[in-house]
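The following exercises are to be worked through with the sequence and the model in view. Each task is followed by a solution in steps.

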Amino acid sequence: MPKPDMWPSAGPKHRLDLIDVLVMSATREGGDNTIRVGFSGTRHIEADGVAAVSAAVRGLVQIAGLTGCSVEVSTGGCVGTDHRAMMEAHWAGFTVHTILPANRKLVPDDWQDFSTTWEEGGEYRARNKALVRRVSGLFVVADYPEQHPKSRRSGTWMTWRLGREAMKPMALMIQHDED
């Protein structure tokens with residue numbers, strides 16, 4: 001299958017890349033032909049992060065066109081990467097599922113404008129677990145590398161680790177890839 005211009009796969013060592021796994025999951029026997037992908041990332045998304053989210057959504061549009069699959073994008077509903085992914089996915093005509101955190105202080109006022117469906121996710125860890133459970137793979141935009149001091153208590157890296165534990169294929173983009 002031809003691949004769109006997308007992010008490289010990252011995370012656990014998989015023989016297949018993220019797009020292959022998403023398509024296989026959607027089209028398996030008994031599947032509903034829906035590509036379920038999550039986006040998680042920094043609240044402080046910058047131009048490179050925005051470009052990465054846009055490229056991923058454009059790639060999903062191409063894959064949906066090639067396969068006839070529908071696409072469901074899930075996010076954690078916060079400002080930054082989540083919000084950008086919600087907007088881009090909505091504009092692409094995808095179903096957007098938002099898993100809201102209990103603490104709404106980082107949820108943008110217009111989140112419902114871009115969400116098709118939503119649910120209460122609870123505290124951040126529970127919300128991140130719900131996101132990982134719902135999707136077949138994840139696109140992640142981190143602000144800094146995992147061991148960087150600015151990444152302490154990072155929800156982005158928490159979601160990454162939960163995805164790794166669940167053996168979900170993931171693509172990672174780090175905005176500031178310095179130590």
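**Exercise 1: The surroundings of C78**

Leaving aside residues up to four places away in sequence, C78 touches H83, P101, L106, V107, P108, Y124 and R127. The model in which these contacts are found is a predicted one.

*Task.* Determine where C78 is placed in the chain, and whether C78 is buried or exposed.

*Solution.* 
- Step 1. C78 belongs to the loop between β2 (70-75) and α3 (81-91).
- Step 2. The relative accessible area of C78 is 6%. Buried means under 20%, so C78 is classed as buried.

**Exercise 2: The overall fold**

*Task.* State how many helices and strands the protein chain has, and in what pattern they follow along the sequence.

*Solution.* 
- Step 1. The count gives five helices and six strands.
- Step 2. Read along the sequence, these elements form the pattern α-β-α-β-α-β-β-α-β-α-β.

*Task.* Decide whether the radius of gyration of the protein chain agrees with that of a compact globule.

*Solution.* 
- Step 1. For 179 residues, a compact globule would have a radius of gyration near 16 Å.
- Step 2. The protein chain has 15 Å, and therefore agrees with the globule value.
- Step 3. The C-alpha trace spans about 40 × 35 × 30 Å along its principal axes.
- Step 4. Of the 179 residues in the protein chain, 51% are buried.
- Step 5. Among the contacts with a separation of 6 or more, 68% are between residues 24 or more positions apart.
- Step 6. The protein chain exposes about 8900 Å², and carbon and sulfur atoms supply 48% of this area.

**Exercise 3: Charges and salt bridges**

*Task.* State how many positive and negative charges the protein chain carries, and how far apart their mean positions are.

*Solution.* The protein chain has 21 positive and 22 negative charges, and their mean positions are 6 Å apart.

*Task.* State how many salt bridges the structure holds, and describe the partners in three of these pairs.

*Solution.* 
- Step 1. Side chains of opposite charge can pair when their charged atoms come close. The structure holds seven salt bridges.
- Step 2. In the pair of D32 and R36, the closest N and O atoms are 2.7 Å apart. D32 is partly exposed, at 46% relative accessibility, and R36 is also partly exposed, at 25%.
- Step 3. D32 and R36 belong to a network of salt bridges that also links E72, E119 and R134.
- Step 4. E120 and R104 meet through their side chains in a salt bridge of 2.8 Å, N to O. This pair links distant parts of the chain, 16 residues apart: E120 is in strand β4 (residues 117-122), and R104 is in the loop between β3 (95-101) and β4. E120 counts as exposed at 53% relative accessibility, whereas R104 is partly exposed at 35%.
- Step 5. R161 and E146 form a salt bridge whose closest N and O atoms are 2.8 Å apart.

**Exercise 4: Positive phi angles**

*Task.* Describe where R153 and M167 lie, and whether each is buried or exposed.

*Solution.* 
- Step 1. Most residues other than glycine have a negative phi.
- Step 2. R153 is not a glycine, yet has a positive phi of about 60°. R153 is located in the loop between β5 and α5 and is exposed, at 85% relative accessibility.
- Step 3. M167, likewise a residue other than glycine, has a positive phi near 60°. M167 is located in the loop between α5 and β6 (170-174) and is exposed, at 59%.

**Exercise 5: A pair far apart in sequence**

*Task.* Find the element that holds V21, and the distance that separates the C-alpha atoms of V21 and G137.

*Solution.* 
- Step 1. V21 is part of helix α1 (residues 18-27).
- Step 2. V21 has a relative accessible area of 22% and is therefore partly exposed.
- Step 3. V21 and G137 are 116 residues apart along the chain, and their C-alpha atoms are separated by 7.7 Å.

Notes
Residues are numbered from 1 along each chain as its sequence is written. This is a predicted model: local features need pLDDT of at least 70, side-chain atom pairs count only at pLDDT 80 or more; totals for chains, interfaces and linings use all residues. Side-chain values use heavy atoms; hydrogens and water are left out. A salt bridge is a side-chain nitrogen of Lys or Arg within 4 Å of a carboxyl oxygen of Asp or Glu. Buried means under 20% relative accessible area, exposed over 50%, partly exposed in between (1.4 Å probe, protein chains only). Helices (H or I, at least four residues) and strands (E, at least two) are DSSP runs, numbered from the N terminus. The radius of gyration is taken over C-alpha atoms; the globule rule is 2.2 Å times the number of residues to the power 0.38. Contact means heavy atoms within 4.5 Å. Accessible areas come from the Shrake-Rupley method with a 1.4 Å probe; for residues, only the protein chains shown count as cover. Lys and Arg count as positive and Asp and Glu as negative; His and the chain ends are not counted. The place of a charge is taken as NZ of Lys, CZ of Arg, CG of Asp or CD of Glu.
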